[in-house]
Amino acid sequence: MLNDVAFGQYYPAKSFVHNMDPRAKIVLVIAFIVAIFLAKNFLGLAAVILFLILVVILARVPFGRVLRSVKMVLFLIIFTAILNLFFYSSNSELHILWQWKFITISWEAIINMLFLALRLFLLVMGTTILTLTTTPVSLTDGIESLLTPLKWIRFPVHELALIMSIALRFIPILTDETNRIIAAQKARGADFETGGLIKRAKAMIPVLVPLLVSAFRRAEDLGDAMDARCYSGAKGRTKYKKLTFTWRDLLGLLLLAGLITGVVFLNIYFGGKFDVIGWFVA
Amino acid sequence: MRIVAEGLTYTYNPKSPFASKALDGVDLTIEEGEFFGIIGHTGSGKSTFVQHLNALIRLTGGSLHVGEYDLADKKCKFLELRSKVGMVFQYPEYQLFAETVEKDVAFGLKNFRKGMSEEETAAAVKEALETVGLDYAKVRNKSPFELSGGQKRRVAIAGVIVTKPEVLILDEPAAGLDPLGKRELMELLHSIHGGWCKTVVIVSHDMDEIAENCTHAAVFSDGKVVMCGKPSEIFARADELLALGLDIPVTAKCAQVLKARGYAVDTDFTCDDFAQKVLALWEKEGGSNA
Amino acid sequence: MEAVKFENVKFSYREDGKDPALNGVTLCIEEGQFVAVLGMNGSGKSTLAKLINALLIPFSGKVEVFGMDTSDEKKTFEIRKNAGMVFQNPDNQTVASIVEDDVAFGPENIGVPREEIGKRIDFALDAVGMQEFRKSTPARLSGGQKQRIAIAGVLAILPKIMILDESTAMLDPRGRREVMDVVRRLNREKGMTVILITHFMDEALQADRAIVMHRGEVVMDGAPEEIFARSDELETYNLTLPRAAYVCKKLQEAGMPVRNAFTAEELAEGICESLRKA
């Protein structure tokens with residue numbers, strides 16, 4: 001049965017990637033980011049892109065849906081890339097394309113910009129696939145499990161996970177509540193749409209105060225309900241949900257190990273990213 | 001103000017996988033002066049409908065006129081409309097926010113009647129608080145959060161009626177109150193109905209409450225109005241209501257059994273009237289208390 | 001056996017003990033009983049409930065649950081395992097975003113082994129008829145369904161007493177019916193002791209015993225039919241009769257010989273009988 005926790009970005013589907021252990025997916029994303037930053041030339045990034053395409057196909061998420069999630073950060077990527085274009089200096093006079101006072105644009109800057117933009121883009125794509133194929137709940141479980149070793153240094157892993165889980169549980173409730181309070185105050189003539197920044201901030205007080213009061217009331221209720229269900233911290237507690245590492249996860253990790261090896265191989269045999277300049281300039 | 005809805009349609013989250021049709025061609029007229037009950041399951045569209053009446057939800061399909069206001073018209077004066085169509089949400093005490101009861105009740109006035117003098121404001125607040133049965137002098141400087149649950153609800157209602165809306169809409173006004181609180185609340189609504197408040201619209205799950213209090217009612221189901229009329233007409237169709245999975249008043253349940261046994265009781269389904277009609281029937285059958 | 005015993009219990013939410021919420025309550029509830037607690041807001045009903053599972057500790061007097069004193073901190077855990085509690089707001093009692101995880105919360109807290117937790121989830125969800133929603137998220141459920149999940153969450157601890165603190169107050173009639181059906185079944189079929197705090201008089205009719213609270217004291221105690229027969233006394237505590245009982249009383253007062261009725265069905269029967277004889 002499909003899990004109908006469709007909160008956040010989660011794209012419900014049945015797929016190889018959806019069925020993977022969240023721990024494996026988190027580790028994979030971290031390793032994927034490492035691969036992106038290991039790549040020193042465009043061939044390496046091409047290998048990463050191929051890997052990504054394979055994952056998206058395996059995840060059965062439409063490409064359009066993945067790209068839509070990236071759209072929101074696209075501006076940030078372009079902005080960072082353009083900044084880089086102007087502030088990257090070349091060592092070689094030959095490679096300068098355009099110069100005005102202290103601003104220069106060189107072949108290196110263009111290559112660097114493209115490379116950086118591509119890296120950021122891939123990074124966002126990678127993490128997006130994680131959130132598209134993993135519910136916030138199982139992400140929390142994965143993080144808790146991965147952090148378990150930290151219990152030895154008295155890091156409150158269980159408490160942290162519980163807080164995250166409760167936060168996830170209450171986000172939809174508080175969202176509904178906010179909308180209801182806004183509607184109620186609008187009915188009393190409140191105006192949230194016009195005026196300057198300060199006026200609008202002030203207009204939010206009749207929404208924020210009741211919301212805060214309600215959040216505290218809910219917290220108190222929840223505390224009672226948890227007490228009544230014998231909650232007393234991590235001590236002596238068992239855990240129902242068991243994460244299981246399967247052949248899928250092993251395969252995923254092997255594929256990624258292959259990718260990293262490939263990237264390193266391409267780094268060694270095909271030089272740095274600027275080598276392509278030689279194609280354009282003598 | 002007469003309320004006329006024709007072909008009212010509304011969809012939440014349109015063009016998304018979570019799209020859900022809340023209203024599907026609602027035709028409904030609420031005449032000025034009625035004490036109108038809206039009946040239906042959670043999710044039948046009744047809350048969506050009432051939120052259209054003061055433009056909290058903007059019209060997207062069909063037409064809606066509230067008095068002289070045409071809600072399909074982009075130039076409609078929505079703020080003015082909201083001052084004339086008051087809306088009390090479910091558990092209205094959860095919208096209180098100000099430091100004092102007086103300030104909270106005055107919130108609507110400050111928004112709707114800009115430039116009203118301090119004296120006029122204070123007088124209006126006093127009147128509103130007294131209408132809901134609170135002692136102005138005692139509560140005006142209290143924090144709304146230190147009041148009891150029932151008092152909080154009264155303050156919240158005062159905060160809506162302080163502008164003397166011609167139409168007052170209440171969504172489950174008695175929810176969570178004890179029997180006394182319920183009775184007092186209904187008495188309060190009857191006391192303002194017919195004065196400056198011409199029309200009262202209540203959304204309620206409690207069929208007995210509708211039978212006892214309303215002059216007219218409508219039944220919502222799946223975003224449509226499936227029945228409309230006087231409570232006596234609606235509850236006479238008990239079988240249809242039960243088929244919709246809705247409750248019927250205790251008196252209607254009883255009348256249904258009696259009818260099956262060949263005793264027709266022509267009643268408006270309020271407890272007192274039902275008892276009278278049963279007594280009349282009994283006397284007709286030859287019973288006497290002699 | 002006595003499931004719950006109150007001995008002259010006093011409790012106040014204030015440090016100095018003034019404005020007592022409970023003012024000397026003595027009470028005894030037998031195992032397997034279905035008890036409804038009535039009373040207006042502020043009469044001390046909820047305080048009474050919270051004293052049973054040691055969420056509150058009496059100022060003076062003693063509360064015992066299966067012989068365990070609630071003021072003994074070492075027994076708190078054991079008492080809460082025996083006396084589960086469902087609260088008013090269906091949204092404020094679930095900790096997890098998936099139904100089965102939430103039901104597992106209680107058993108996890110008391111250290112039940114994993115395989116056993118799975119069985120308990122099955123049992124609890126079956127008991128409330130929510131097995132098919134095992135993997136759903138509470139946010140998508142109706143109020144009645146959410147409350148049934150909250151009941152399942154309590155059942156998974158395998159308590160002997162189930163306390164419902166106005167758990168039907170925020171529900172629509174359909175939700176109320178769902179919850180009441182579950183509660184009645186738990187009492188009849190599983191022998192669960194049920195303490196139901198409610199404003200709805202018709203719900204009290206389903207209990208074996210009704211207790212009326214007023215200003216922190218137990219003022220009426222008996223079979224629901226007995227309590228509702230004393231309508232004048234009820235009125236002094238600002239409680240109303242179930243509507244059918246009200247109509248019945250009206251008829252009787254006018255001289256029509258109708259036997260006492262509390263539900264629509266009983267009333268209809270009574271009226272028919274009386275009409276036939278007329």
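How many residues of chain C are in contact with how many residues of chain A?

1. The model is a predicted one, in which local features need pLDDT of at least 70 and side-chain atom pairs count only at pLDDT 80 or more, whereas totals for chains, interfaces and linings use all residues. Residues are numbered from 1 along each chain as its sequence is written, and chains are lettered from A, with ligands numbered from 1, in the order in which they are written.

2. On the opening question, 37 residues of chain C are in contact with 30 residues of chain A, contact being taken as C-beta atoms, placed from the backbone, within 7 Å. Helix 3 (99-109) of chain C gives the most to this side of chain C, with six residues, and helix 2 (76-82), strand 6 (83-86), helix 4 (114-127) and helix 5 (143-155) of chain C each supply at least two; helices (H or I, at least four residues) and strands (E, at least two) are DSSP runs, numbered from the N terminus.

3. In chain B, strand 8 (residues 199-203) has five of its five residues buried, that is, with 20 or more other C-beta atoms within 10 Å of their own, C-beta atoms being placed from the backbone. B:Thr199, B:Val201 and B:Val203 lie on one side, and B:Val200 and B:Ile202 on the other.

4. Strand 8 of chain B runs parallel to strand 3 (residues 35-39) of chain B, joined by four bridges, and pairs in the parallel sense with strand 7 (residues 167-171) of chain B over five bridges; pairing requires at least two DSSP bridges. B:Phe35 stands opposite B:Val200, while B:Leu170 has B:Ile202 as its bridge partner.

How values were computed: Buried ≥ 20, exposed ≤ 12 C-beta atoms within 10 Å, placed from the backbone. Contact = placed C-beta atoms within 7 Å.
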